Amino acid sequence: MKYILLAYTDRAGWESFDYTGPEFQAMCDFYEQLGKELTESGEMVATEGLAEPSLTRTVRRSETGPVAVDGPYAEAKEVLASFAIIDVASHDRALAIAARIVDAIGDAVEVRPIGGDPQAER
């Protein structure tokens with residue numbers, strides 16, 4: 001079954017993080033190794049880090065038609081930092097992968113099934 005893993009990070013941390021330091025390199029190394037492992041096991045479908053949150057826009061319905069609004073909003077404490085799509089044998093396996101990311105990086109990871117039966121493996 002396919003799952004999307006949505007990694008959220010602290011907005012203040014995103015804005016103040018040192019992307020030239022060893023902590024950032026360690027995060028990159030972790031994600032590179034995890035990606036290789038999941039590719040070799042056939043579980044990786046796709047993964048991407050996301051760009052600066054201030055570039056985000058949300059398209060919403062309005063009385064005059066779809067409208068793009070700025071986002072994320074200042075009150076947001078977390079921002080979506082990356083996503084991965086995995087194809088794993090079980091919900092437990094998806095949760096185990098997410099737990100590894102949380103343990104190594106510290107971000108919150110939302111695990112959501114893609115398609116299929118929304119009631120499956122609850």
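Visitor: Which residues is K77 in contact with, leaving aside its neighbours within four places in sequence?

Guide: Contact means heavy atoms within 4.5 Å. By that rule K77 is in contact with T9, D10 and R11, once neighbours within four places in sequence are set aside. The C-alpha atoms of K77 and R11 are separated by 5.5 Å, although the two residues are 66 residues apart along the chain. Please note that this is a predicted model, in which local features need pLDDT of at least 70, side-chain atom pairs count only at pLDDT 80 or more, and totals for chains, interfaces and linings use all residues. Residues are numbered from 1 along each chain as its sequence is written, and side-chain values use heavy atoms, with hydrogens and water left out.

Visitor: Where is the place of K77, and is K77 buried or exposed?

Guide: Helices (H or I, at least four residues) and strands (E, at least two) are DSSP runs, numbered from the N terminus. K77 has its place in the loop between β4 (67–70) and β5. As for accessibility, buried means under 20% relative accessible area, exposed over 50%, and partly exposed in between (1.4 Å probe, protein chains only). K77 counts as exposed because its relative accessibility is 67%.

Visitor: How many helices and strands does the protein chain have?

Guide: The protein chain has three helices and six strands. Read from the N terminus on, its elements run β-α-α-β-β-β-β-α-β. Of the contacts in the chain with a separation of 6 or more, 77% are accounted for by residues 24 or more positions apart.

Visitor: Why does L34 count as buried?

Guide: L34 counts as buried because its relative accessibility is 5%. This residue is found in helix α2. Beyond its neighbours within four places in sequence, L34 is in contact with R100 and I101. L34 and I101 are 67 residues apart in sequence, and their C-alpha atoms are 8.8 Å apart in space.

Visitor: How many residues does the largest nonpolar core have?

Guide: A nonpolar core is a set of buried Ala, Val, Leu, Ile, Met, Phe, Trp, Tyr and Cys residues joined through side-chain atoms within 4.5 Å. The largest one here has 16 residues, and those with the most contacts inside it are L5, I86, I97, I101, V109 and V111. At least two residues of this core come from each of β1, α2, β5, α3 and β6 (108–113). Helix α3 gives the most, with five residues. Not counting residues up to four places away in sequence, I97 touches L5, L38, E43, I86 and V88.

Visitor: Which residues lie nearest the centre of the largest pocket?

Guide: On a 1 Å grid over the protein atoms alone, a pocket is an open set of points where a 1.4 Å probe fits, with protein on both sides within 12 Å along at least five of seven lines; lining residues have an atom within 4 Å of a point. The largest pocket is lined by 31 residues, and M27, Y31, A81, S82 and D107 lie nearest its centre. Helix α2 gives the most to this lining, with nine residues.

Visitor: Where does Y31 lie, and which residues is it in contact with?

Guide: Y31 lies in helix α2 (residues 22–40). Leaving aside neighbours within four places in sequence, Y31 is in contact with A7, S82, I101, I105 and D107. Y31 counts as partly exposed because its relative accessibility is 30%.
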